[in-house]
Amino acid sequence: MIENIEKYIEECEKQAEKEFSALDEIALYNQKKVLDAFREHRISAMHFNPSTGYGYDDVGRDTLGKLFASVMKAESGIVSPLIANGTHALTLTLFGLLRPGDLMLSIAGKPYDTLDEVIKGKNNGSLADFGIKYTQTELTEGNEFDFAAIEKKINEQDPKVIFIQRSKGYAWRDALSVEKIGDTIAKIKSFGTKALFVVDNCYGEFVEKKEPTEVGADVIVGSLIKNPCAGLAPTGGYICGKADCIEQISYRLTAPSLGMEVGSCVSGYIPYYQGLFLAPSTVRNALKGSVLVGYALRAFGFETMPKTGSMPYDIIKSIKFDTAEQLVAFCGEIQKISPVDSYVTPLPWDMPGYDHQVVMAAGAFIQGASLELSADGAVREPFVAYLQGGLTYEHCKLAITEIVRYFNGIGK
Ligand SMILES: *Cc1c(COP(=O)(O)O)cnc(C)c1O
């Protein structure tokens with residue numbers, strides 16, 4: 001039993017001091033990187049203006065792409081509210097780079113669930129429907145790449161795209177550090193491949209000082225309602241990388257020959273610019289929450305990933321509960337202390353495409369925005385909750401206090 005919960009949380013904060021100060025340092029570094037890019041591109045009010053129709057000469061759109069590219073240290077970038085979500089951005093990227101007969105090789109195991117149908121769907125316009133082949137290699141138990149298997153695939157099948165997912169997704173593993181992604185790309189290049197390296201960067205932006213484009217990735221892809229726009233962007237995705245890759249992808253975003261010359265935004269670009277500006281700080285807030293929850297839950301013996309005491313490489317904290325009731329109650333506590341829909345009780349439901357029930361807490365301003373404090377989990381063993389986000393550290397701290405109060409009250 002914890003006697004004084006507020007005091008207990010303060011003790012947890014003290015234990016987290018080392019990670020907190022490292023996260024502050026990363027945020028400062030990334031804030032400067034973003035600010036420098038704003039100054040370099042001479043951002044002014046004209047860039048925020050709405051556009052309509054074809055969106056010819058839309059300086060807000062063009063500059064936003066260049067700004068993101070500068071921040072990501074990439075040659076070129078697409079940043080667009082016309083991209084519906086991360087899955088759409090990844091789909092555009094894959095269709096932009098791959099041609100019939102080409103092979104996509106995923107080297108961190110199976111990509112994110114929503115890509116299953118994009119890659120292998122039958123008669124739905126998938127890559128497979130267009131004769132694009134797919135293969136994968138698994139990560140080992142120790143979260144290492146299987147280089148022997150990768151080299152074999154390269155020698156025998158000559159992949160055109162090598163795909164790496166930075167975040168852990170729904171796997172019980174650590175996310176990949178940017179350093180590890182860089183070392184891996186360098187090693188695979190030494191096998192003599194000409195493949196393009198595409199990184200699913202979702203949940204990774206601004207978690208570290210570098211992005212994968214700084215360590216050899218040809219293209220990185222992400223969602224604007226996750227890390228890179230601080231909860232302000234109402235929708236959208238981004239794709240940054242080598243200029244020739246981005247050009248090919250832009251022909252899928254709109255149409256061949258039109259590419260990045262068209263596309264309007266009737267609501268204007270302020271949330272995208274302002275969101276990018278705030279993102280390093282907001283991501284840091286969420287990460288501090290993620291670190292704190294690890295320390296706070298130790299008293300109850302729940303296992304977490306990443307492990308308490310280590311630095312996070314994405315914004316997701318996986319928490320292993322013992323029972324379905326604990327998982328559902330945990331999501332309930334998060335929902336209760338959300339700014340939106342706090343009066344709603346999340347219940348497990350049958351989600352299309354899943355063979356088990358899913359429970360979700362999402363009291364967010366922007367639907368599904370997961371840089372806002374949110375949690376979800378499949379109601380089946382091992383009862384893992386995925387907790388992410390928090391626009392302010394104080395919100396995270398209040399939520400964690402309530403979670404501790406809950407588990408303290410019922411015991412484990
Ligand atoms: C969120 C996410 C995606 C894309 O999902 P959307 O819900 O379509 O935005 C892809 N990969 C990873 C690792 C993600 O976290």
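The model is a predicted one, in which local features need pLDDT of at least 70 and side-chain atom pairs count only at pLDDT 80 or more, whereas totals for chains, interfaces and linings use all residues. Residues are numbered from 1 along each chain as its sequence is written, and side-chain values use heavy atoms, with hydrogens and water left out.

A backbone N or O atom of Gly86 lies 2.8 Å from an oxygen atom of the ligand, and a polar side-chain atom of Thr87 is placed 2.5 Å from an oxygen atom of the ligand. A nitrogen atom of the ligand, in turn, lies 2.6 Å from a polar side-chain atom of Asp200. Of the 370 Å² of accessible area that the ligand has on its own, the protein covers 89%, with areas computed by the Shrake-Rupley method with a 1.4 Å probe and, for residues, only the protein chains shown counted as cover.

Seven strands form an open sheet of mixed pairing in the order 1-7-6-5-4-2-3, two strands being paired if DSSP finds at least two bridges between them. Strand 1 (76–80) and strand 3 (133–136) stand at the edges, each with a single partner strand, so one side of each is left without a neighbour in the sheet. Neighbouring strands of this sheet are turned by 20 degrees against each other on average, direction ignored; axes are lines fitted to C-alpha atoms, for helices over the stretch in contact, and angles run from 0 to 180 degrees between N-to-C directions. Strand 2 (residues 103–106) and strand 4 (residues 161–165) run parallel and are joined by three bridges, with Ile162 in strand 4 as the bridge partner of Leu105. Helix 7 (residues 178–189) lies across strand 4 and strand 5 and runs at about 160 degrees to strand 5. Helix 8 (residues 243–253) also packs on the sheet, touching strand 1, strand 5, strand 6 and strand 7 (237–241), and its direction makes about 30 degrees with that of strand 1; contact here means heavy atoms within 4.5 Å.

A further open sheet, of six strands with antiparallel pairing, has the order 8-9-13-12-11-10. Its edge strands are strand 8 (303–305) and strand 10 (349–350), each of which pairs on one side only. Strand 9 (residues 316–320) is joined by five bridges to strand 13 (residues 384–388), and the two run antiparallel, with Ser318 opposite Tyr386 in strand 13. Helix 9 (residues 270–297) packs on this sheet, where it touches strand 8, strand 9 and strand 13, and its direction makes about 20 degrees with that of strand 9. Four bridges join strand 11 to strand 12 in antiparallel fashion, Ala375 in strand 12 being the bridge partner of Ala361.

Two cis peptide bonds are described here: one joins Met305 and Pro306, with omega about 0 degrees, and the other runs from Glu381 to Pro382, with omega near 10 degrees. Pro306 is found in the loop between strand 8 and strand 9, whereas Pro382 is placed in the loop between strand 12 (374–378) and strand 13.

Notes
A polar contact is a pair of N or O atoms within 3.5 Å; within protein, one must be able to donate a hydrogen and the other to accept it, and residues adjacent in sequence count only if both atoms are side-chain atoms.
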